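Please look at the sequence and the 3D structure shown below.

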Amino acid sequence: MPGGRLSHDERRDIGAGLTEGLGYAEIARRLGRPTSTVSREVGRNGGADGYRADRALRATERRARRRGPTPLAARPREAVDRDEHRDELRDFGEQFVAMLVATGLPRMASRVLTRLFLTDSGSLTAADLVGQLRVSPASVSKAVGYLEELDVVRRERDPRRRRERYVVDDDVWLRAWTRDTRSTANWADTARRGVAVVGADTPAGVRLDRMGDFFATLSADMASGPAGVEDALTLLAALMHAGAPADAGRLAAGLGWPVERVTEALRHAEPQRLTPAQLAALER
């Protein structure tokens, strides 16, 4: 039953699920158990990389012998709330990890990044991560190195403890976005160089040309970022308010913008580039 103790077979299923690389939520779904039950079981018995069903069973039996049952009614309300919050935080952490893994980030790197994000200071030492994740220092080092290459984690020296701390900054996603924008532009440039090499009139050249156009458009959209969409909405609102067509020069004069900004906003204002929600917002 969902509220009872885990059986030996269930612990074996947990171990098998971890070996397959499944997340806690999926393992719990297959067992018909709450995710918090699975995450607690794994967390107190070696972590995702060190969990063993037989060893977990023996450890549970030893803990049960050392302490007698504590009635729930005898526990302070604060302790119950604290445990529930800890369970919720653990469940959210697993969901966050699963989201990162789904985007293609390796599982260990996802676990490290999640720990950093859920820490108030936004920074932890290697020893902190080893202790919290219950993994080897080598695993942490490899994961941090991977995250550094993505420019989402940086190192800083802790003068008091004479060791390095791994940090996520408040502008981490802006830096990651900028890096991805440069990478997308590089795809476009490479494709265009390929067209010149293989010939624009060859099947490979046509394919590369389409690839270059796609990534060039994507790079331009990413470079403009949220501001491009905001400008497009402002421009369309101005057109609707005027109730008559207007060229770029008149729009620029009316909004106090350079003509280039109006031209870029018009490009973003093409109907296929706006979501239904954005178009609905203009009509209100």
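## Strands, salt bridges and a surface patch

In strand E3, Tyr166 is the bridge partner of Arg155. This is a predicted model, in which local features need pLDDT of at least 70 and side-chain atom pairs count only at pLDDT 80 or more, while totals for chains, interfaces and linings use all residues. Residues are numbered from 1 along each chain as its sequence is written, and side-chain values use heavy atoms, with hydrogens and water left out.

The pLDDT, which is the predictor's confidence in each residue on a scale from 0 to 100, averages 78 for the protein chain, and 75% of the residues score at least 70. Over residues 271-284 the pLDDT is below 50, and this stretch has 17 contacts in the model beyond near neighbours in sequence, a contact meaning heavy atoms within 4.5 Å.

Helices (H or I, at least four residues) and strands (E, at least two) are DSSP runs numbered from the N terminus, and two strands pair if DSSP finds at least two bridges between them. Strand E2 (residues 154-158) pairs with E3 in the antiparallel sense over 5 bridges. Strand E1 (residues 123-125) also pairs in the antiparallel sense with E3 (residues 163-167), over 3 bridges, and there Leu124 has Tyr166 as its bridge partner.

A salt bridge is a side-chain nitrogen of Lys or Arg within 4 Å of a carboxyl oxygen of Asp or Glu, and by this rule the count comes to 10. Three of these pairs are listed here.

| Salt bridge | N to O distance |
|---|---|
| Arg33 and Glu10 | 2.9 Å |
| Arg11 and Glu41 | 2.8 Å |
| Glu156 and Arg154 | 3.1 Å |

The pair of Arg11 in helix H1 and Glu41 in helix H3 links distant parts of the chain, 30 residues apart. Both Arg11 and Glu41 are buried, where buried means under 20% relative accessible area, exposed over 50%, and partly exposed in between (1.4 Å probe, protein chains only). Arg33 and Glu10 are buried as well. Glu156, by contrast, counts as partly exposed because its relative accessibility is 31%, and Arg154 is partly exposed at 32%.

Which residues form a nonpolar patch on the surface? They are Leu89, Phe92 and Leu118, with about 240 Å² of accessible area together. Patches are made of residues with over 30% relative accessible area and no salt bridge, like charges being joined within 9 Å and nonpolar side chains (Val, Leu, Ile, Met, Phe, Trp, Tyr) within 5 Å; accessible areas come from the Shrake-Rupley method with a 1.4 Å probe, and for residues only the protein chains shown count as cover. Leu118 lies in the loop between helix H7 (107-117) and E1.
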